[in-house]
Amino acid sequence: MNATTPPTTTAPALLARLLRQGLHVVATSGDTLQVWPANALDDDTRAAIAWHKAELIALLTGTHGPTLEAADDERSRCCDCYHLQAKGNCAMAWRGLLHDAPRWFTPVKDVLWRCHLFCGWPQ
Ligand code: SF4
């Protein structure tokens with residue numbers, strides 16, 4: 001992939017992968033996006049981040065539009081999951097059950113994504 005070739009991943013999937021890998025992904029003032037440590041990024045991932053920069057910032061700042069808000073598919077939010085702990089970390093990651101995630105994985109709570117370990121609260 002290069003700067004003119006669309007990545008094969010979507011912005012939410014890219015964000016989820018970066019967070020699972022334990023990278024820090026932060027949108028700061030204006031249209032600045034910071035991802036670190038930089039030495040953990042390969043060229044394709046850098047290009048995908050650049051391609052999806054605006055949407056990643058929107059996801060991180062909660063300014064994404066209604067198409068991402070429509071939870072009519074298999075995506076869910078960690079804030080609705082039984083496994084999200086009071087300290088903000090994921091209990092499944094702590095137990096080593098969330099693939100590629102560090103033990104203290106603290107997901108972005110209100111981003112829709114697919115997690116096979118999602119467990120909704122009992123009604
Ligand atoms: S199990 Fe999945 S959905 Fe639940 S808190 Fe952990 S990462 Fe989020």
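**Figure 1. Leu15 and the nonpolar core around it.** In this predicted model, Leu15 touches Val25, Leu56, Leu59 and Val111, when residues up to four places away in sequence are not counted and two residues are taken to be in contact if their C-beta atoms, placed from the backbone, lie within 7 Å. The largest nonpolar core has 13 residues, and those with the most contacts inside it are Ala11, Leu15, Leu56 and Leu59; a nonpolar core is a set of buried Ala, Val, Leu, Ile, Met, Phe, Trp, Tyr and Cys residues joined through C-beta atoms within 7 Å. A residue is buried if 20 or more other C-beta atoms lie within 10 Å of its own, exposed if 12 or fewer, and partly exposed in between, with C-beta atoms placed from the backbone. At least two residues of this core come from each of α1, α2 and α3, and α1 gives the most, with 5 residues. Apart from this core lies another, of 8 residues, among them Cys90, Met92, Leu98 and Ala101.

Residues are numbered from 1 along each chain as its sequence is written. Because the model is predicted, local features need pLDDT of at least 70 and side-chain atom pairs count only at pLDDT 80 or more, while totals for chains, interfaces and linings use all residues.

Figure 2. Helices (H or I, at least four residues) and strands (E, at least two) are DSSP runs, numbered from the N terminus. The buried residues of α1 are Ala11, Leu14, Leu15, Ala16 and Leu19, and what covers them includes β1, α2 and α3. Arg20, also found in helix α1, counts as partly exposed, with 19 C-beta neighbours inside 10 Å. Leaving out residues up to four places away in sequence, Arg20 touches Leu98, Asp100, Ala101 and Phe105, and its C-alpha atom is separated by 7.6 Å from that of His99, 79 residues apart along the chain. After α1 comes Gly22, whose phi is positive, near 85 degrees.

Figure 3. The buried residues of α2 are Ala48, Ile49 and Trp51. They cover an arc of only 160 degrees around the axis, which puts them on the same side of α2; the arc is that of the directions from the helix axis to the C-beta atoms. Asp43 and Ala50 are exposed on the face of α2 turned away from its buried side, whereas the cover over the buried residues includes α1, β2 and α3.

**Figure 4. Helix α3 (residues 53–61) and its surroundings.** Leu56, Ile57 and Leu59 are the buried residues of this helix. Seen down the axis of α3, these buried residues fall within an arc of 160 degrees, so they line one face of the helix. Ala54 and Thr61 are exposed on the other side of α3, and what covers the buried residues includes α1 (11–20), β1 (24–27), β2 and α2.

Figure 5. The peptide bond from Trp36 to Pro37 is cis, with omega near 5 degrees. Pro37 itself lies in the loop between β2 (33–36) and α2 (43–51).

**Figure 6. Pro102 in the segment after α5.** Pro102 lies in the segment that follows α5 (91–94) and is partly exposed, with 17 other C-beta atoms within 10 Å. Leaving aside neighbours within four places in sequence, Pro102 is in contact with Gly22 and Ala93. Pro102 and Leu23 are 79 residues apart in sequence and 9.7 Å apart in space, C-alpha to C-alpha.

**Figure 7. The shell around the ligand.** The ligand is surrounded by Ser76, Cys78, Cys81, His83, Leu84, Cys90, Met92, Leu98, Pro107, Cys115, Leu117 and Phe118, a residue being near a molecule if its C-beta atom, placed from the backbone, lies within 6 Å of it. By class, this shell has 10 nonpolar, 2 polar and no charged residues, where Ala, Val, Leu, Ile, Met, Phe, Trp, Tyr, Cys and Pro count as nonpolar, Asp, Glu, Lys and Arg as charged, and the others, Gly among them, as polar.

**Figure 8. Confidence along the chain.** The protein chain averages a pLDDT of 79, and 82% of the residues score at least 70; pLDDT is the predictor's confidence in each residue, from 0 to 100. Among the elements of the chain, helix α4 (residues 66–69) has the lowest mean pLDDT (38) and α2 the highest (93). Over residues 65–72 pLDDT stays under 50, and the model has 4 contacts beyond four places in sequence for them.
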